[in-house]
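Welcome, and thanks for opening your viewer. Let's take a walk through this model together, one selection at a time.

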Amino acid sequence: MISPFRLFARAAVTWAAEVAFLYLMLRLLPTVHVTAWEFALLAVLVMGLLNAMVRPGILLLAANLGLIPFLIVALALNGMLVQVTSWLVPGFWVDGLLSAFAVAFGMAGVNTVLTGLLSVDDDDAFYRNVVRRIAQRTVPAADDLEETGAVIVQIDGLAEPILRRALAEGRMPTLASWLAAGSHRLIGWKSEIPSMTTSAQAGILHGSNGGVPAFYWYEKRGKRLMSSANPHDLHAVQQRISDGHGLLHRDGVSVTNLFSGDAEHSVMTVGTLLDDEGSIHADPHDFYGYLVSPYNLYRGLIGLIFEAALECWQCLRQWAENRQPRIRRFGLFTLQRGLANVILRDATTWTVVASMFRGHRVIYCDYLSYDEVGHFAGPETPDAVATLYAMDRQLRQIALAAREAPRAYQIVVLSDHGQTTAPIFQAKYGETLDEVVRRAIDAGPTVRVSGGKGETPGYLSAFLSEMSGAKGLRGRGARRLLRTKRGSGLIDPVREGMNKAASDDVEIVVTSSGSLAHIYFAKVPDKLTLEEIAAGYPGLIETLVAHEGVGLVIVRSESRGTLVLSEDGIRELRAEHVEDGVVEGRDPLAEFEPYTARFLDDLAQFEQSGDIIVNGTFDPSTGWVIGFDDLVGAHGGVGGMQTQPFIVYPAGWTDEPPEIIGSVGVHRFLREYTGGATANDPAPRIDEQPIPASPRP
C-alpha cells in the first residue's frame with residue numbers, strides 16, 4: 001500500500017513537471033501565453049479537474065454516437081479542455097485549437113515519461129476508480145458475487161524456457177513475487193500440432209481444435225483459401241466449435257481473442273466480429289474504460305512513435321552485431337509493433353479491468369506483443385524478451401484492480417504455444433518450398449501463402465477489408481486508404497492469394513505456419529494417399545524426403561495408415577498403436593517428445609490438412625528449426641520451444657502439478673478449477689470434421 005506522503009510527493013513532482021512544460025511551450029509556440037508561474041500552476045490544476053469531472057460524462061454521452069464519432073470525441077477532448085482552461089484561468093491562454101492540442105499532447109508525453117521514470121500509476125489508479133464507480137451500475141446482486149472469479153491472461157507465443165529466463169533476469173517482478181510467495185505455481189504443458197494460436201485457442205476456449213490445420217489452409221472441394229486473420233473464416237470456425245458450453249459460457253468475457261469461448265460478452269474477438277449476415281459489431285461502451293483517462297490515447301500515439309524508433313535502433317543493432325538468423329524489419333512492422341505493444345495491449349488491460357469491476361465471473365484475454373517481436377527479431381533475442389517487462393506491468397494493473405473489484409478473483413497466466421528460432425528455408429536454400437515441388441514434378445501454376453508479415457497485419461487487413469465494404473464515413477475512409485499504394489499493400493497479398501487459389505488453373509497450393517507446411521493438389525477434390533501421389537507425381541516424395549531443409553514428411557498410406565518419413569527412416573502411426581508404431585531404419589521422431597506421434601497422426605487425419613505435410617529440419621544442437629515463413633520466430637510445427645507453452649495457476653487448485661497434454665487438456669484443467677463446468681455440459685472433444693464454408697463479401 002502506497003503511503004499518503006508518497007502519493008502526495010509523486011503528485012507534486014508530476015504537477016511541477018507539467019508546469020515546467022507550460023513554460024517550455026512559451027519558447028516553442030508563440031501562440032501559448034502564461035504571464036506568471038502562479039497562473040501555470042492554476043492552469044494545470046484546472047485541466048486536471050476538468051479531465052476528472054467533465055471528461056467521463058461527455059464520453060458516456062458520446063458512446064451512444066457510434067465507434068468512429070466516439071473515438072473522434074475522445075481524441076478531441078484533450079485539446080478542447082485545454083482551450084476551456086484558457087478561458088477560465090486569467091494569465092493563461094492559447095491562440096486556437098491547434099495550439100491547445102499541442103499543449104495536451106505535450107502534457108500527455110510528460111505524464112508518460114514521469115510515469116515510467118517514477119514507476120507510478122497514480123493517474124491510472126484514479127481513472128480505474130472512475131471506471132469502477134460507473135461499472136457499479138451493472139454489478140450483479142451480492143448473492144451472485146459469492147463465487148470466486150478468474151482472470152485468465154494469455155501471453156501469446158511465450159515458451160516456458162523463455163519465461164523462466166525472464167523471471168531469473170528480473171524482467172517480470174510481479175509474476176516472480178507470486179511464485180516466490182507460493183500463491184502460484186509454474187508448469188509447462190504439451191502443445192499439439194499445429195502449435196499455433198488458432199488451434200490452441202479453439203481447444204482452450206471451446207474444448208475442440210476445430211480441425212484447423214494451419215494459420216492458412218486450403219479447402220480443396222470449394223477451392224477456397226482460408227485464413228486465421230479473416231473474420232468471415234473465423235466466424236465459420238466459431239460456429240463449428242461452439243456448442244454454447246465453452247469455457248466462458250457462464251457470465252464470461254472474451255477480450256482480444258480469436259474465439260469467444262461462448263462468452264456472454266466479447267470485445268475485439270475476431271470470431272464474433274461478424275454476425276451471420278456479415279455485419280460488424282463494435283460497441284463504443286467496450287472502450288470507455290480505456291478512453292476515460294485523458295492520457296491513454298495520447299500515450300498510445302506517443303508509444304507508436306517510441307516503438308518505431310526503438311524498432312529502428314534494435315534492427316540496426318542486430319545488423320551491426322551480425323546476429324543470425326535475421327530478416328529485414330523496417331517498414332510496416334514498425335507500425336504493427338506499436339499497435340500490439342502499446343495501443344492493443346493497454347486497451348486490453350483497461351477492458352479487462354472494466355469487466356472485473358462489472359463483476360463478470362471469468363475473463364480471458366490475449367496479449368500479442370512478445371509473439372510479434374519474436375517473429376521478426378527472434379524469440380530468444382533481448383528485443384523480444386524485453387517486451388515482458390511491460391507485460392508484467394499489465395499483470396500488476398490487473399492484480400491491483402482485483403483488490404477493488406466486487407468479486408474475488410484468481411489470476412491465471414498461460415501461453416498458447418512457444419516459438420523456435422528459425423533460419424528461413426528460402427534464404428538458406430535459394431528457393432521456396434513450392435519451387436521445390438514444381439521442380440520435382442514439373443507442375444503447373446502454384447500458390448504459396450505464408451505468414452510472412454506476422455499476425456497483427458493479418459488482423460488489420462481483415463478489418464480494413466470489411467470496413468471498405470461498409471457504408472457511410474467508415475467505408476469511404478477505408479476505401480480512400482486502400483486506393484493508395486501503401487494502403488492496398490495491407491490487404492492485397494492475402495486477397496491475391498485467395499483469388500489465385502480459387503482459379504481452376506492452379507495445380508499446387510502450399511500454405512505454411514512456421515516450420516509446418518501443407519501441400520495440396522488443387523485439381524483433385526479428395527485427399528491423396530501415398531500410393532496415389534507416387535503414381536500421379538513420381539519422384540516428389542523422394543525429392544522432399546531427401547531435401548536438407550525438410551526434416552519430416554507426413555502422408556497417409558492406404559495400407560499402412562499415417563507415415564512419418566525422413567531421409568534415414570520411416571515410422572508408422574497406426575491409430576491403434578501410435579506410440580508403438582513400426583519403425584524402419586532410424587525413427588524420424590526419436591528426437592521429439594512421445595506425444596508428438598499422436599499429434600501428427602491427428603493432424604494427418606484432419607479433413608483440411610494437406611495431401612502432404614512437411615516439417616522443417618530440427619537441429620537439436622542449437623534448438624533451431626527450418627521455417628517456411630519469412631520470419632525468424634517460428635511456430636506451427638514441431639521442434640524446439642514452439643511446443644513448450646506454460647501455465648501459471650493458483651497453488652490452491654491442486655497439490656500435485658498436473659500433466660497437461662494439448663490445448664483440450666488445458667480446457668479441462670481450467671473448467672475444473674474455474675467453476676465453468678455444469679452437470680449438463682458435454683465432454684470436451686477433438687473435432688476432425690471439415691469447417692463449413694462462409695460467404696465472402
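## The whole chain

Begin with everything shown as a cartoon: the protein chain has 26 helices and 23 strands. Keep in mind as you look around that this is a predicted model. How many of the 697 residues count as buried? The share is 59%.

Hide the surface and look for an open sheet of seven strands, whose order is 4-23-10-3-9-7-8 and whose pairing is mixed. Select residues 184-188 and then 265-267 to see the edges, strand 4 and strand 8, each of which pairs on one side only. On average, neighbouring strands in this sheet are turned by 15° against each other, direction ignored.

Next, pick residues 149-155 together with residues 409-414. These are strand 3 and strand 10, and they pair in the parallel sense over six bridges. Which residue of strand 10 is the bridge partner of glutamine 154? Click on leucine 414 to find that partner.

## Stop two: the nonpolar cores

Now show side chains for Leu163, Met172, Leu175, Met356 and Val413. They have the most contacts inside the largest nonpolar core, which has 46 residues. Colour residues 387-404 as well: this is helix 16, and its six residues are the largest share of that core.

Stay with methionine 356 for a moment. Setting aside neighbours within four places in sequence, which residues is methionine 356 in contact with? Its partners are Val151, Ile363, Ile398, Ala401, Ala402, Ala405, Pro406 and Tyr409. Apart from this core lies another one, of 41 residues, and you can pick out Ile152, Ile204, Trp217 and Leu247 among them.

## Stop three: salt bridges

The structure holds 21 salt bridges, and we will visit a few.

- Select arginine 165 and glutamate 169, which form a salt bridge with their closest N and O atoms 3.3 Å apart. Arginine 165 is partly exposed, with a relative accessible area of 27%, and glutamate 169 is partly exposed too, at 42%.
- Move on to arginine 224 and aspartate 233, whose side chains meet in a salt bridge at 3.5 Å, N to O. Are these two residues buried or exposed? Both arginine 224 and aspartate 233 are buried.
- Now try arginine 560 and glutamate 572, a salt bridge in which the closest N and O atoms are 2.7 Å apart. Arginine 560 sits in the loop between strand 15 (550-557) and strand 16 (561-565), while glutamate 572 belongs to strand 17 (residues 569-573), so this pair ties together parts that are twelve residues apart in sequence. Arginine 560 is partly exposed, with a relative accessible area of 21%, whereas glutamate 572 is buried, at 7%.

Terms used: Residues numbered from 1 in each chain as written. Predicted model: local features only at pLDDT ≥ 70, side-chain atom pairs only at ≥ 80, totals over all residues. Heavy atoms only, no water. Pairing = 2+ DSSP bridges. Helix = DSSP H or I, 4+ residues; strand = E, 2+ residues; numbered from the N terminus. Axes fitted to C-alpha atoms, helices over the stretch in contact; angles between N-to-C directions. Core = buried A, V, L, I, M, F, W, Y, C linked by side-chain atoms within 4.5 Å. Buried < 20%, exposed > 50% of the residue type's maximum accessible area, 1.4 Å probe, protein only. Contact = heavy atoms within 4.5 Å. Salt bridge = Lys/Arg side-chain N within 4 Å of Asp/Glu carboxyl O.
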